[in-house]
Each structure stands twice: as structure tokens, then as C-alpha cells.
Amino acid sequence: MFAHRPLYCTYNSKKRCEVQAGYYRGMIEEVIAQGGVDLVVGAHLHNYERTLPVYRSSAVQSNYSNPQAPVYAVVGTGGNKEGTQGNFQQDPPEWSVPSSRLSEWGFAHVEVEGACSLKWSFVESYSGEVADTFTITRPC
């Protein structure tokens with residue numbers, strides 16, 4: 001699923017990542033969870049970040065094997081005259097993957113194998129290097 005604004009983020013902005021993200025979660029998080037969505041991609045913030053499977057602001061597991069809640073990714077890294085936004089919160093919530101909090105231009109590369117596997121990679125534009133990767137798997 002795609003959304004312009006992130007539902008989960010740790011950019012150091014109370015307005016964006018607490019007030020607005022909380023508002024959007026209140027409107028649609030239940031529908032997303034009930035719909036069995038595996039991955040929600042948002043943007044707007046000019047950085048990259050991903051979560052563990054999360055529901056109601058709590059990580060429900062520490063891996064991506066048959067996730068019981070959606071994974072959320074912020075990919076606002078396509079480029080902008082404002083530059084990247086790397087001012088992340090000092091103490092991220094337990095649902096945030098700290099190694100994924102990047103302020104680099106880049107893009108997501110997604111590989112899907114049937115209904116069993118979705119491999120996600122965040123690729124830095126300048127170097128072409130994979131800076132973050134994870135794979136969501138489902139039983140086949």
C-alpha cells in the first residue's frame with residue numbers, strides 16, 4: 001500500500017511524526033491491519049526508514065517471517081531542493097529499525113516471488129550501494 005505521508009516515522013518533528021502520523025493511523029491503521037497488508041510505503045519526509053511489523057505503536061515481532069502486522073517504510077528520498085532530513089529522534093521507539101534511519105538520496109528496489117516472498121532493498125543513488133534490506137516471507 002502507498003500513502004503520501006508516513007504512518008510511522010522517527011524524524012525529530014512532533015508535528016510530522018507524532019501529531020500527523022498519529023492522526024493518519026487513527027483513521028486507517030485498523031483497516032490496513034484487517035486487510036492483511038504486509039507493507040505500507042509512505043514518503044513526504046526526505047529520508048528513509050523502516051519498521052518491524054507494527055500495530056498500534058507496538059512491534060509485534062522482531063523478524064519478517066509471516067508477519068502478523070504491516071511493515072512501514074518511509075521513502076522520501078527521490079530528491080528535492082530542500083535536501084535530506086536526517087534529524088532523527090535520539091531514542092527511537094522499539095518498532096523502529098535504527099540501522100535503517102538514513103538521510104541519503106535513494107530508491108527502493110522490490111523483488112517479489114509469487115505470494116511467498118518480497119525482498120526490499122534501499123539503494124543509495126550516489127553510490128548504487130544497498131544500504132538496507134529485508135525480506136517478508138509467507139508460507140507457500
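**Disulfides, core and sheet**

Visitor: Why does Cys116 count as partly exposed?
Guide: In this predicted model, Cys116 has a relative accessibility of 24%.

Visitor: Is Cys140 buried or exposed, and how do you know?
Guide: The relative accessible area of Cys140 is 77%. Exposed requires over 50%, therefore Cys140 is exposed.

Visitor: What makes Cys116 and Cys140 a disulfide?
Guide: Their sulfur atoms lie 1.3 Å apart, and the criterion is a separation within 2.5 Å. The pair links distant parts of the chain, 24 residues apart: Cys116 is in the loop between strand S6 (106–113) and strand S7 (117–124), while Cys140 is in the segment after strand S8 (130–137).

Visitor: How do you know that Cys9 and Cys17 form a disulfide?
Guide: The sulfur atoms of Cys9 and Cys17 are 2.1 Å apart, and the limit is 2.5 Å. The count by this rule is 2 disulfides, and their pattern along the chain is 1-2, 3-4.

Visitor: Why is the disulfide of Cys9 and Cys17 called left-handed?
Guide: The torsion about its S-S bond is about -125°, so the disulfide is left-handed.

Visitor: What makes Cys9 and Cys17 count as buried?
Guide: Buried means under 20% relative accessible area. Cys9 is at 3% and Cys17 is at 6%, so each counts as buried.

Visitor: Which residues touch the most other members of the largest nonpolar core?
Guide: That core has 15 residues, and those touching the most other members are Leu39, Tyr48, Tyr64, Val75, Trp120, Phe134 and Ile136. Strand S1 (39–42), strand S5 (71–75), S7 and S8 each give two or more residues to this core. Apart from it lies another core of 7 residues, including Leu7, Tyr8, Val54 and Tyr72.

Visitor: What does Val75 touch?
Guide: Leaving aside residues up to four places away in sequence, Val75 touches Val41, Gly42, Ala43, Asn47, Tyr48, Ala108, Trp120 and Phe122. Within S5, Val75 is the bridge partner of Tyr48.

Visitor: How do you know that S2 and S5 pair?
Guide: S2 and S5 share 3 bridges in the antiparallel sense, and pairing needs at least two.

Visitor: Why do S1 and S2 stand at the edges?
Guide: The open sheet of 3 strands has the order S1-S5-S2, with mixed pairing. S1 and strand S2 (48–50) each have a single partner strand, so one side of each is left without a neighbour in the sheet. Direction ignored, neighbouring strands of this sheet are turned by 10° against each other on average.

Conventions: Residues are numbered from 1 along each chain as its sequence is written. This is a predicted model: local features need pLDDT of at least 70, side-chain atom pairs count only at pLDDT 80 or more; totals for chains, interfaces and linings use all residues. Side-chain values use heavy atoms; hydrogens and water are left out. Buried means under 20% relative accessible area, exposed over 50%, partly exposed in between (1.4 Å probe, protein chains only). Helices (H or I, at least four residues) and strands (E, at least two) are DSSP runs, numbered from the N terminus. A nonpolar core is a set of buried Ala, Val, Leu, Ile, Met, Phe, Trp, Tyr and Cys residues joined through side-chain atoms within 4.5 Å. Contact means heavy atoms within 4.5 Å. Axes are lines fitted to C-alpha atoms, for helices over the stretch in contact, and angles run from 0 to 180 degrees between N-to-C directions.
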